[in-house]
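Q: I'd like a close look at a single part of this model, please. Could you walk me through it in one connected answer?

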Amino acid sequence: MTATPSPGSPASPAGPAGPHGVPYETDAPNAYKWTESAYDLLQDGKLTAEIRSAGGISTATVSGECPHCRDNVNFSEVLDAVTGESLGTLGWRRTQPAQPDDGYVPLTVSCSCTEQHAGRPADINHGCGINFRIELRRDA
Amino acid sequence: MGMPPVPSMPPATPATPQALSVPPKYRKPPAGPTTDNLQDQALWEQLSSQSLTATQVAAEKWRTGLAAFVTLATGGLLLKGPEAASNVTTSWRIALTILALGGLLAAIAGLWLALQAAAGTPAKLNLTEVVAKYGGVRQFEIATALDASRQLRLARRVIAGSLLLFVAAIGTWWWAPPKPAQPPALISITTPTGTVCGTLINAHDRAFAVQQANTSGQTRIPYTSTINVQIVTSC
């Protein structure tokens, strides 16, 4: 996940945002209500998610209205990495995937807005504290 | 953190032929993020950001290991010494040369690729171009790591081929029949005036023609002057 703070930039592309003064969420940062609300915003077009592929590397980006603070979520995550370990193993043993690929990519999104929120920990410089899940069709 | 209640499914939209054939762009997740999801995300972030470094470190280790293999294989060839190769017949020597040279060239190419994967190639970059082509610097780093890992994979294959060639060369050398021993071809002719020793060129017209070492011309010795003729291995 990568936040790209841009001081002075508009808070949200979705127009004037709602409750800018909401405090940093600490009670239930992963509550299902954020995921439900995010899904509604996706359906309304106020929140958008997409997967772009450039140079052979896929990047998921989520932008638009945050379900909690209404600022720009401003989230991106590179979906590829290169390591010394491969998914394959030596030998003939084959493992079943943990989850079947049904064409949807699940993303855990953290709000990465650049607005100030009261109660935000000193070592964190972005976000309003919530996390939510979205499931995006891979080829959408 | 407790499991959130299972949500009710989103309201069904009117079914149209298109909606039936194309799955929706977004699907409602059955639950919110768990601690494991967030940990996975943080670890993935770390893994992703270290892609290039991790790949180059791995490539460096592979390069060292592959170089050790090549040293081992070439050591087997050098054990007998290059001059020993001249003791096999020409056809076997040609095969030996092809195998050893092929192995050497493949080893050089493979180690070059491994070195390139480990060290990279310094080049001038432009941020705008990087962002335009890859979408960001992080993505560029991962793409670079991907290239390095491809180079390393190729290097491993090329060096594996090189090791096979070296092993084949060593095996060929072990099993190549030795060159047949040359029969003694020097002749020593004793005459009343002394002994003439050298290579017998011919024996025509009732005379021996002998090519002596360190002389340009041939010495002719008539049969009538010959007291004794011996075949010798050295003069």
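My part is chain B, and how it meets its partner: among contacts in chain B between residues at least 6 apart in sequence, what percentage join residues at least 24 apart?

A: Happy to take you through it, bearing in mind that this is a predicted model. For chain B, the figure is 65%: that share of the contacts between residues at least 6 apart in sequence joins residues at least 24 apart. The chain itself contains 6 helices and 6 strands, and its order along the sequence reads α-β-α-α-α-α-α-β-β-β-β-β. Of its 235 residues, 29% count as buried. Chain B has an accessible surface of about 15,300 Å², with 64% of that belonging to carbon and sulfur atoms.

Now for the partner. Contact between the two chains involves 36 residues of chain A and 36 residues of chain B. Together they bury about 3,300 Å², and carbon and sulfur atoms give 59% of this area. The interface also holds 3 salt bridges; one of them pairs the side chains of Arg27(B) and Asp102(A), at 2.7 Å from N to O.

On the chain A side, several elements each supply at least two of the touching residues: helix H1 (32-44) and strands E2 (47-54), E3 (57-64), E4 (75-78), E5 (104-110) and E6 (131-137). The largest share comes from E6(A), with 7 residues. Sorted by class, the side of chain A that touches chain B has 18 nonpolar, 11 polar and 7 charged residues.

Conventions
Residues numbered from 1 in each chain as written. Chains lettered and ligands numbered in written order. Predicted model: local features only at pLDDT ≥ 70, side-chain atom pairs only at ≥ 80, totals over all residues. Heavy atoms only, no water. Helix = DSSP H or I, 4+ residues; strand = E, 2+ residues; numbered from the N terminus. Buried < 20%, exposed > 50% of the residue type's maximum accessible area, 1.4 Å probe, protein only. Contact = heavy atoms within 4.5 Å. Areas by Shrake-Rupley, 256 points an atom, 1.4 Å probe, with all protein chains shown as cover. Buried area = accessible area lost by both parts, 1.4 Å probe. Salt bridge = Lys/Arg side-chain N within 4 Å of Asp/Glu carboxyl O. Nonpolar A, V, L, I, M, F, W, Y, C, P; charged D, E, K, R; others polar.
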